[in-house]
Amino acid sequence: MKEKNDNLKAKSTLFWLQELVESFESTFHSDAVHSPEIAVPMQQFSDPVHRMYLSRKTPIPKPPPTSIQIQGYSQHAKVEVREGEELTLTCVVPNARPAAQIVWYRANVEYKSNTIETKSAETEDHRYTATSKLQLQPTAEDDYIDYTCQARHQAIPEDRPMQSTVQLSVL
């Protein structure tokens, strides 16, 4: 009789835990990712409750970047540069998963150039820092022109872009 009660209790616990896990999973958006860093070897656990829980992948949200900055300059800073002198603007977008895409704009028009170098690096907490370097040789036509770097990421609403802007002052 005791064995029958223990089996009934175990089945009840499994059912409750499965409902809890499904409830937890449904709180995330359908585009949630599955995190490899939280995987636990199943052979560690012999009891059915832990094995059932660990047999399911636990979704985690896709965190947006925490900030964006053109290194060395505050937002809307004026950057003085001599005409024809090389200038490198470096945009940094940290703490996103997956890595954010960085797009440059010149006077509010997307700027595509072979002088843009972009890379991303994974941090210890399995997030990514994206860095993009834009190399310029400003001319008189760049005087009072805004250069903007913008982070694109699935967790950033399109109507509220994350961006940083500087304005060139060509001497």
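Here comes a short tour, from the whole chain down to one side chain.

**Stop 1: the whole chain.** Before you click anything, keep in mind that this is a predicted model. Show the chain as a cartoon and you'll find two helices and 11 strands. Follow the chain along its sequence and the pattern reads α-β-α-β-β-β-β-β-β-β-β-β-β. Of its 171 residues, 30% count as buried. Now switch to a surface: the chain exposes about 11400 Å², and carbon and sulfur atoms supply 49% of that. How far apart in sequence are the residues that touch? Among contacts between residues at least 6 apart, 72% join residues at least 24 apart.

**Stop 2: a five-stranded sheet.** Back to the cartoon. Select S4, S11, S10, S6 and S7, in that order: this is how the strands are arranged in an open sheet with mixed pairing. Which strands stand at the edges? Strand S4 (77-81) and strand S7 (109-110) do; each has a single partner strand, so one side of each has no neighbour in the sheet.

**Stop 3: strand S10.** Select residues 146-152, which make up S10. Buried or exposed? Five of the seven residues here are buried, so the rest of the structure largely encloses this strand. Strand S6 (residues 101-106) is antiparallel to S10, and six bridges join the two. Click Val103 and its bridge partner in S10, Gln150, to see one of the pairs. Strand S11 (residues 162-170) also runs antiparallel to S10, again with six bridges. For this pairing, click Ala151 and look opposite to Met162 in S11.

**Stop 4: out to S7.** Go back to S6 and step across to S7. These two pair in the antiparallel sense over two bridges. Select Arg106 and you'll see Val109 of S7 standing opposite.

**Stop 5: His153.** Next, select His153 in the loop between S10 and S11. Show side chains and look for two polar contacts. The His153 side chain reaches the backbone oxygen of Arg97 at 3.3 Å. A polar atom of that side chain also lies 3.0 Å from the backbone nitrogen of Ala155. Finally, display what His153 touches beyond four places away in sequence: Lys62, Pro63, Pro64 and Pro65, plus Ala96, Arg97, Pro98, Ala99 and Ala100.

Notes
Residues numbered from 1 in each chain as written. Predicted model: local features only at pLDDT ≥ 70, side-chain atom pairs only at ≥ 80, totals over all residues. Heavy atoms only, no water. Helix = DSSP H or I, 4+ residues; strand = E, 2+ residues; numbered from the N terminus. Buried < 20%, exposed > 50% of the residue type's maximum accessible area, 1.4 Å probe, protein only. Contact = heavy atoms within 4.5 Å. Areas by Shrake-Rupley, 256 points an atom, 1.4 Å probe, with all protein chains shown as cover. Pairing = 2+ DSSP bridges. Polar contact = N/O pair within 3.5 Å; in protein donor to acceptor, adjacent residues only side chain to side chain.
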